Amino acid sequence: RMGTAPIFKLMLSMGIPTFVAQLINLLYNIVDRIYIGHIPEVGAASLTGIGLCLPIITLVSAFSVFVGAGGAPLASIALGKGDRDKAQRILSNGVTLLIIFTVIVMAVIYTLKKPLLYFFGASDATYPHADDYLSIYLIGTIFVMITTGLNTFITAQGQSKTAMFSVLIGAIFNIILDPIFIFALNLGIKGAAIATVISQAISAAWVIRFLTSDKASLRISAQMMRPQGKLILSIAALGVSPFIMQVTESLITIVFTHGLQKYGDDLYVGSFTILQSIMQIIFIPMSGFSQGVQPIISYNYGKGNVDRVKKTCTILITMSIIVSFVLAGAAFLFPSVAAGIFTSDESLKALCAVLPIYIFGMMFFGIQNGCQQSFISMGQAGKSLIFALLRKVILIIPLAIILPYCTHSVMSIYYAEPISDIVSAFSCGATFMLTFKSMMKGAGKK
């Protein structure tokens, strides 16, 4: 089907379920923030507390993305070449990596939890809220790893709807359980964390059940879980770029929250939680559609179907540009409406008036999203890594440190995001256009 079906129809059939799945997955954290932000009396402080946990939450998911984004394209390419055995070995080694990462991440974060949260910008008023949420959330690390890391392997074998349901099930439970634990049982921010862990466990069970059943064309094999250095290195080579994107997203949050606490106060840190949530609403669905389309590009690249690769990449980049422009444009035009979703605190909503500045560059980010996903789909790890580093490490982090230092104004921190988004997006797009023809020379080669 990936090698013969009409391209646009195929992209919709595979991209929309993954788009929906990522949108639903976003609800795990977004719904928590919406409910937490409306807790009577302590809503603003609790929202700031959960914002301080975001770097760690992002870091946990980064390790699962390392395996999923690194292994799933390789599995698709192997399937395109007719090597099903290799594809299953990649999947099984991916499971082993996720287990190892879970043990390491939990041990390190539990040990360093308090100093990390204070370094991120916690105060004596907000630390208890952050600690309550994070201590419980970390219990579900293995569930996050499995759901995020292995769901891409379900998509890689053309089962986008199944991948969507694995996320949908957890999200539905989270939406139902959140108000029960937060308000009915009066557990506050602890209740939000408990609801999230239970929901993630249900999603993880669904993923494992499918990948060990006869319905899966690629199945987890206990015999193949023994680590194979060559396979792990190939997963790492392709997964390091999206991993760095996630890790640097965590670093960005740390730099922003630390700076906002230094030059502002707890309220500014809370406002950043809202701004970042709106940013995720724009980025994650767009990224989700791209991930759904990835197996089409990977399969046809492995098969040597150059025309299908070219057409798929063109449509993907065009759709990414349209989606980013429309979603970011809506947030740009109606900032108070967007902020009102997360809080009823008027002081917090007033600070979110900076949203149009912060979000402006995302109107052009579709260029980078489409091109970078195309690079990854064709196994071009180096090119993808360069632009991940350009946006997140070379530009935004230094700018977020230098701008407020030079101006002594907390507001100047927000300009770092649009500057880096615009520069990296157009640089990535230009590079893709200049190198596409040479990349096609490697299509279909062993």
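Here are legends for a few close-up views of this predicted model. Residue numbers start from 1 along each chain as its sequence is written, and side-chain values use heavy atoms, leaving out hydrogens and water. Local features need pLDDT of at least 70, side-chain atom pairs count only at pLDDT 80 or more, and totals for chains, interfaces and linings use all residues.

**View 1. Helices α6 and α7 meet.** Helix α6 covers residues 160-184 and helix α7 covers residues 188-211; their axes come within 8 Å and cross at roughly 160°. Axes here are lines fitted to C-alpha atoms over the stretch in contact, with angles from 0 to 180 degrees between N-to-C directions. That makes α6 and α7 roughly antiparallel, a label for angles over 145 degrees. Where α6 touches α7, the contact residues split into 15 nonpolar, nine polar and one charged.

**View 2. Tyr-118 pairs up with Tyr-127.** The whole structure holds 18 aromatic pairs, meaning rings of Phe, Tyr or Trp (its six-membered ring) with centres within 6.5 Å. Tyr-118 and Tyr-127 have ring centres 5.1 Å apart and planes at 20°, so they are stacked (planes under 30 degrees apart). Tyr-127 is buried at 12% relative accessible area, while Tyr-118 is partly exposed at 30%. Buried means under 20%, exposed over 50%, and partly exposed in between, using a 1.4 Å probe and protein chains only.

**View 3. Phe-375 meets Phe-432.** These ring centres sit 5.4 Å apart with planes at 65°, so the pair is edge-to-face (over 60 degrees). Phe-375 belongs to helix α14 (residues 365-377) and Phe-432 to helix α16 (residues 416-440), so the pair ties together parts 57 residues apart in sequence. Both Phe-375 and Phe-432 are buried.

Terms used
Helix = DSSP H or I, 4+ residues; strand = E, 2+ residues; numbered from the N terminus. Parallel < 35°, antiparallel > 145°, perpendicular 65-115°, else oblique. Nonpolar A, V, L, I, M, F, W, Y, C, P; charged D, E, K, R; others polar.
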